[in-house]
Amino acid sequence: MSKLWQARFFTTVNHLRDLPRTTVPEIAFAGRSNAGKSTAINILCNQKGLAFASKTPGRTQHINFFSIGGAHVAMHRKDETNVAEIRCLLADLPGYGYAEVSGDAKLHWQRLLGDYVQRREQLAALVLIMDARRPFTDLDIQMLEWFAPTGKPIHCILTKVDKLNRNESVNVLRQAQAKLDSYVDEDGEGFPFTVQLFSALKRIGIEEATAKIEELLGLNVDVADLGAQDEDDDEQ
């Protein structure tokens with residue numbers, strides 16, 4: 001069973017000063033409104049209502065955090081999470097790209113998300129969710145380029161591939177990989193960017209995405225193994 005299935009609502013914040021005072025690794029999910037971000041999070045966590053999709057796309061301007069460890073799914077939302085037992089956090093960033101959002105809201109989004117992805121030390125990686133039919137919009141690229149200088153991994157999930165035929169899917173994946181490969185650092189080295197196809201409807205790419213996210217968060221390492229490693233380190 002995937003450890004992502006343990007995900008449970010932890011907190012929501014609207015300002016950087018309110019970010020969780022935890023030290024565990026975090027992974028953030030970003031994407032345009034209607035790219036299927038909430039659906040992807042819910043299916044990866046095997047929970048229908050974990051990530052909430054607003055009826056008015058683009059209006060949600062908060063970061064929602066979900067914890068893995070420290071609680072179990074069946075607990076009531078208001079029951080306290082044992083923070084000391086949290087292994088990692090999933091951060092659901094506000095969807096972006098809707099013209100209906102006011103100028104002030106857009107500025108708030110830029111400050112909140114820009115500062116979070118660029119400065120949050122606990123942030124281990126970014127999952128960038130894009131509609132496979134319209135990948136790498138200007139705002140997607142802005143998010144990618146905000147985060148790239150950190151040198152941390154970005155995993156791109158191309159959703160709704162059920163809307164494409166086989167040849168179109170192959171082509172969009174190849175083009176997306178070429179786009180990511182075009183980014184290099186000052187030494188000409190490529191960034192740790194990866195990409196995959198995904199469809200919640202056809203259940204395509206779920207296992208691949210799960211394995212990648214668990215790897216980026218260190219969830220593929222058993223807690224008992226970590227304890228044994230700590231003991232070895234102490235002996236040395």
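Biologist: Among contacts between residues at least 6 apart in sequence, what percentage join residues at least 24 apart?
Modeller: The figure is 77%. Keep in mind that this is a predicted model.

Biologist: And how many helices and strands are there?
Modeller: Six helices and seven strands. Along the sequence the pattern reads β-β-α-β-β-α-β-α-β-α-β-α-α.

Biologist: What share of the residues count as buried?
Modeller: 47% of the 236 residues. The protein exposes about 12600 Å², and carbon and sulfur atoms supply 47% of that area.

Biologist: Let's go to helix H1. Is it enclosed or open?
Modeller: Largely enclosed by the rest of the structure, because seven of its eight residues, within 37-44, are buried. Those are Lys37, Ser38, Ala40, Ile41, Asn42, Ile43 and Leu44.

Biologist: What do they pack against?
Modeller: Strands S2 (26-31), S3 (63-68), S4 (88-92) and S5 (123-131), and also helix H5 (206-217). Just after H1, Asn46 has a positive phi of about 60 degrees.

Biologist: Are the two partners buried or exposed?
Modeller: Lys37 counts as buried at 8% relative accessibility. Asp92 also counts as buried, at 4%.

Biologist: How many salt bridges in total?
Modeller: Six. Among them, Asp131, Arg133 and Arg134 are linked in a network.

Biologist: What are the distances there?
Modeller: Asp131 to Arg133 is 2.8 Å between the closest N and O atoms. Arg134 to Asp131 is 2.9 Å, N to O.

Biologist: And how accessible is each member?
Modeller: Asp131 counts as buried at 5%. Arg133 is partly exposed at 38%, and Arg134 is partly exposed at 49%.

Biologist: Switching to the surface. Which residues form the negative patch?
Modeller: Asp185, Glu186, Asp187 and Glu189. Asp187 sits in the loop between helix H4 (166-181) and strand S7 (193-197). With a relative accessible area of 68%, Asp187 is exposed.

Biologist: Last one. Where is Asn82?
Modeller: In the loop between S3 and S4. Asn82 counts as partly exposed, at 35% relative accessibility.

Conventions
Residues numbered from 1 in each chain as written. Predicted model: local features only at pLDDT ≥ 70, side-chain atom pairs only at ≥ 80, totals over all residues. Heavy atoms only, no water. Patch = residues over 30% accessible without salt bridge, like charges linked within 9 Å, V, L, I, M, F, W, Y side chains within 5 Å. Areas by Shrake-Rupley, 256 points an atom, 1.4 Å probe, with all protein chains shown as cover. Salt bridge = Lys/Arg side-chain N within 4 Å of Asp/Glu carboxyl O. Lys, Arg positive; Asp, Glu negative; His and termini not counted. Charge placed at Lys NZ, Arg CZ, Asp CG, Glu CD. Helix = DSSP H or I, 4+ residues; strand = E, 2+ residues; numbered from the N terminus. Buried < 20%, exposed > 50% of the residue type's maximum accessible area, 1.4 Å probe, protein only. Contact = heavy atoms within 4.5 Å.
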